[in-house]
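Hi,

Here is the model I promised to pass on. Have a look at it first, and then read my notes below.

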Amino acid sequence: MLPLVLLTIENEEDRLFMKELYLTYHQLMYGMALRVTGNRDAAQDAVSESVLSLMKKTALLRTLECNKLRSYVVITVKHTAISLLKRSRREPPAEDAAFLHLTDGSRAEDRALACAGIEEIKQAVRRLPEREKDVLLMRYFREMTDEEIAREMNIRPVSVRVHLSRARKHLAALLGKEGE
Amino acid sequence: MMRSDDALRRALEEIAQEETERFARSMTQEEKHQAEEAFRGHRRRVLSLIARKSKTGGRRGGYLRAAAALILLLGGALIFFRQSAPETQPLSPGASSTVAPFHAISPAPTETPAPTAKPTAMPTPMADQTISPTSAPDYLKINTQSPTVTPISTENPLPSPTPEATAVPENGLLNVEAPAGWQGAFFPGQMPAGYAFEGLESEEDAWSASFRCGEKRIVFTEYGRLSALPIPEGASVSYRQWNGAVALIAERNGGVRYTWDQDGHTLFLEADDGEIAEAVARTVKSVH
């Protein structure tokens with residue numbers, strides 16, 4: 001038995017892929033960063049940080065088709081820019097959510113989501129508060145880990161699950177109301 | 001749950017794409033111009049960042065590449081040893097001599113000559129990249145996705161920690177000798193009672209010996225050059241000083257790995273029982 005798994009990433013291909021990504025979507029990246037931060041230096045910092053985040057997801061990015069890749073890049077820049085802006089404004093860390101008992105509600109949330117159509121879910125998501133929508137995007141669209149989301153949102157990793165649960169509950173409640 | 005998550009995922013993908021499309025269409029000429037200006041002033045820095053990060057894969061990526069290259073070599077050695085059934089001399093009657101997986105760990109000898117110990121630069125764990133080993137003890141499981149190229153030798157000293165000198169408690173250690181076939185320059189001088197020699201593994205310029213007591217193992221590894229292995233994700237890191245060397249200690253789930261340099265060699269001692277690990281590490285001594 002071998003103690004370690006063989007590593008197989010090819011750095012040169014990754015470098016070329018990231019370079020291509022950056023050059024292809026640079027206008028959208030800087031445009032989004034500028035719109036969020038309103039400041040060139042902050043926008044450039046946001047793009048730098050976004051590139052670093054994206055480089056950690058190279059394996060995932062390679063699997064995405066064009067439109068999804070483009071939106072992944074832009075949403076990443078948006079989230080990163082917002083996070084930077086909050087840090088620069090020295091906003092206090094997001095309130096850590098108290099632990100909730102999840103077991104009773106989660107089945108109801110799943111039922112609500114499973115029964116709803118894509119358009120219904122989209123409409124419900126659009127009605128969520130920005131923060132709840134962002135945490136869902138981070139988990140389900142950007143496929144970020146709890147630790148990554150925690151860093152982005154400036155909360156503790158343990159609170160990420162609670163924020164996700166809240167967002168799902170809120171979403172389920174909106175879907176329930178729409179279904180009425 | 002899966003179906004509900006899939007629906008949510010699809011919905012969020014479409015929302016992200018719609019939002020991106022909406023943003024792209026809403027960009028004014030002035031905004032595009034400013035974006036291009038920001039890009040022009042920043043492009044070289046970002047491309048350099050991409051090249052730098054890709055080249056090294058980060059410090060951790062470099063160590064992972066070294067580890068993975070070592071695994072390749074050891075895999076070949078393992079196959080060779082299994083086929084040729086190398087002779088190993090048990091240190092105690094009845095001890096098995098089956099080859100054990102090669103673990104990188106290390107402890108330190110108490111009687112070694114004054115080491116020129118140049119601590120290796122150890123990467124700090126990064127939570128974002130998960131690495132998990134296939135067969136290491138639980139606390140060492142690393143699942144590597146970074147590239148492996150060739151083993152690297154590092155000469156970078158550790159960042160200046162403030163190591164605390166600690167006394168090693170007496171815990172009933174028994175004297176042991178390096179087993180026949182051990183080609184390293186160092187070996188633990190003592191092992192806790194009940195630990196039987198299990199086996200040796202080696203490859204060019206690296207050697208490993210394992211001891212077992214029931215479910216618990218101690219593995220001593222020596223690299224004939226300054227080297228480093230990645231710190232298991234989630235492990236806590238601290239430093240100790242002994243015999244002029246600074247040992248890096250990575251602990252997780254009760255297990256521990258000591259890593260330090262001695263006379264241009266990097267030594268690792270890894271144990272499932274953290275309490276005895278340091279005691280054994282401090283007994284590592286020169287054997288050649």
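A:Tyr22 and B:Phe39 are both buried. Keep in mind that this is a predicted model. The two rings form a tilted aromatic pair, 5.6 Å centre to centre with 50° between the planes. The pair crosses between chains, with A:Tyr22 sitting in helix 1 of chain A and B:Phe39 in helix 2 (residues 29–56) of chain B.

Beyond its neighbours within four places in sequence, A:Tyr22 is in contact with A:Met29, A:Tyr30, A:Val47 and A:Val51 in chain A, and with B:Phe39, B:His42, B:Arg43, B:Val46, B:Leu47 and B:Ile50 in chain B.

Now to the cores. The largest nonpolar core has 67 residues, and A:Tyr22 is among those with the most contacts inside it, along with A:Ile121, A:Leu136 and A:Leu171. Helix 1 (residues 11–37) of chain A gives this core its largest share, eleven residues. Another core, of 30 residues, lies apart from it and includes B:Tyr195, B:Leu200, B:Phe220 and B:Ala281.

Back to the rings: there are ten aromatic pairs over all chains. One of the tilted ones joins B:Tyr223 and B:Phe268, at 5.2 Å centre to centre and 55° between the planes. This pair links distant parts of the chain, 45 residues apart: B:Tyr223 is in strand 7 (residues 216–223) and B:Phe268 in strand 11 (residues 265–271) of chain B. B:Tyr223 counts as buried because its relative accessibility is 3%, and B:Phe268 is buried at 0%. Ring pairs also link B:Trp182, B:Phe187, B:Phe197, B:Phe211 and B:Phe220 into a cluster.

Best wishes

Key:
Residues numbered from 1 in each chain as written. Chains lettered and ligands numbered in written order. Predicted model: local features only at pLDDT ≥ 70, side-chain atom pairs only at ≥ 80, totals over all residues. Heavy atoms only, no water. Core = buried A, V, L, I, M, F, W, Y, C linked by side-chain atoms within 4.5 Å. Buried < 20%, exposed > 50% of the residue type's maximum accessible area, 1.4 Å probe, protein only. Helix = DSSP H or I, 4+ residues; strand = E, 2+ residues; numbered from the N terminus. Contact = heavy atoms within 4.5 Å. Phe/Tyr/Trp six-rings, centres within 6.5 Å; stacked < 30°, edge-to-face > 60°.
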